[in-house]
Amino acid sequence: MQILTHQEHGSGNPVVLLHGFPGSSAYWQLMLPQSAAACRVYTPDLPGHGASPLPDGEASIDAYADAVAAWMRHIGLGRATILGHSMGGYTALALLERHPDAVSAIGLIHSTPYADSDEAKQNRLNQIARIREEGMDTFVEGMVPKLFAPQHLTSMPEHIETVKAIGRRNPPEGAMYALEAMRKRPERLHLLQQAGVPVLLVAGEEDQVISPARTLVVEGDHVTSASLPGCGHMGMYERPAQLADVIISFVTQTAL
Ligand code: MLT
């Protein structure tokens with residue numbers, strides 16, 4: 001297995017930030033100064049995204065989780081708080097299931113433990129066909145605006161262009177693999193309900209991709225929940241300071 005590329009910033013409690021689709025480690029750029037002042041932050045590129053190699057074999061989120069576990073072993077990172085944005089959250093849950101020793105706390109940011117609906121599964125197939133026929137540029141151009149809250153389409157044009165540029169840099173094979181892996185992922189709600197580790201759930205109140213109702217799905221002494229007002233699916237661009245505050249507070253409390 002080829003090892004993932006990553007960046008590392010700051011010192012203190014280790015936190016791994018797993019990006020969503022069609023992103024890369026660059027998604028976290030705006031949050032890094034604040035987060036790295038309080039924690040040791042690792043931002044890997046998931047397989048087939050950013051500078052990480054394309055994955056082999058049948059597409060699965062489990063394969064992403066195995067790649068993250070192998071990368072953690074490779075860099076000598078025994079256990080960390082694993083926080084995933086959207087597809088990165090699907091990967092964090094698979095990591096908790098398959099490699100529990102690697103996870104000291106888990107967080108889903110604009111993500112969900114539920115599987116795709118039948119309609120969403122069909123939409124994934126349509127998206128794969130669109131990438132194959134029209135390429136990444138057209139796909140990214142159509143998809144990225146839907147990630148942001150409607151009012152940010154006019155107020156955050158530079159962030160939207162940045163996210164499009166990150167998406168365009170990903171190889172189409174990596175994006176098609178990701179869509180197939182997300183289409184096939186199982187529900188993992190029980191993992192959050194019975195997690196033996198602290199859980200963080202962060203929703204964007206105006207997320208049109210994954211609604212707050214699909215993110216804020218469990219309660220309990222082990223769960224910390226946060227809703228970001230005026231935020232769509234991209235808290236790291238739409239509310240970077242607030243999201244960094246939520247993460248730092250969670251990491252600081254759960255490390256006690
Ligand atoms: C993501 O942001 O990772 C994707 O939008 C997640 C998804 O399509 O399920």
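Author: In helix α2 of this predicted model, the residues Ile61, Ala63, Tyr64, Ala65, Ala67, Val68, Trp71 and Met72 are buried. A residue is called buried here if 20 or more other C-beta atoms lie within 10 Å of its own. An α-helix has 3.6 residues a turn, so residues three or four places apart point the same way. The buried residues of α2 pack against the strands β1 (6–9), β2 (14–18) and β3 (40–44), and also against the helices α3 (87–98) and α8.

Just after α2 comes Gly76, which takes a positive phi of about 75 degrees.

Of the partners of α2, helix α3 can be described in detail, for the two helices pack at an angle of about 70 degrees, with their axes 8 Å apart. That angle makes α2 roughly perpendicular to α3. On the side of α2 the contact is made by Ile61, Asp62, Tyr64, Ala65, Asp66, Val68 and Ala69, and on the side of α3 by Tyr90, Thr91, Ala94, Leu95 and Arg98. By class, the residues of this contact divide into 8 nonpolar, 1 polar and 3 charged.

The loop between β4 (80–85) and α3 holds Ser86, a residue that has a positive phi of about 55 degrees although it is not a glycine. Most residues other than glycine have a negative phi. Ser86 is also buried, with 26 other C-beta atoms within 10 Å, and Ser86 is one of the residues that surround the ligand, together with Gly20, Phe21, Met87, Met182, Val209 and His233. This shell around the ligand has 4 nonpolar, 3 polar and no charged residues.

The other helix that the buried residues of α2 pack against, α8, covers residues 172–184 and packs with helix α4 (residues 118–134) at an angle of about 170 degrees, with their axes 9 Å apart. Helices α4 and α8 are therefore roughly antiparallel to each other. Among the residues of α8 that meet α4 is Met182, which also belongs to the surroundings of the ligand. The residues of the contact of α4 with α8 divide into 7 nonpolar, 1 polar and 5 charged.

Notes: Residues are numbered from 1 along each chain as its sequence is written. This is a predicted model: local features need pLDDT of at least 70, side-chain atom pairs count only at pLDDT 80 or more; totals for chains, interfaces and linings use all residues. Axes are lines fitted to C-alpha atoms, for helices over the stretch in contact, and angles run from 0 to 180 degrees between N-to-C directions. Helices (H or I, at least four residues) and strands (E, at least two) are DSSP runs, numbered from the N terminus. Angles under 35 degrees count as roughly parallel, over 145 as roughly antiparallel, 65 to 115 as roughly perpendicular and the rest as oblique. Two residues are in contact if their C-beta atoms, placed from the backbone, lie within 7 Å. Ala, Val, Leu, Ile, Met, Phe, Trp, Tyr, Cys and Pro count as nonpolar, Asp, Glu, Lys and Arg as charged, and the others, Gly among them, as polar. A residue is near a molecule or strand if its C-beta atom, placed from the backbone, lies within 6 Å of it. A residue is buried if 20 or more other C-beta atoms lie within 10 Å of its own, exposed if 12 or fewer, and partly exposed in between; C-beta atoms are placed from the backbone.
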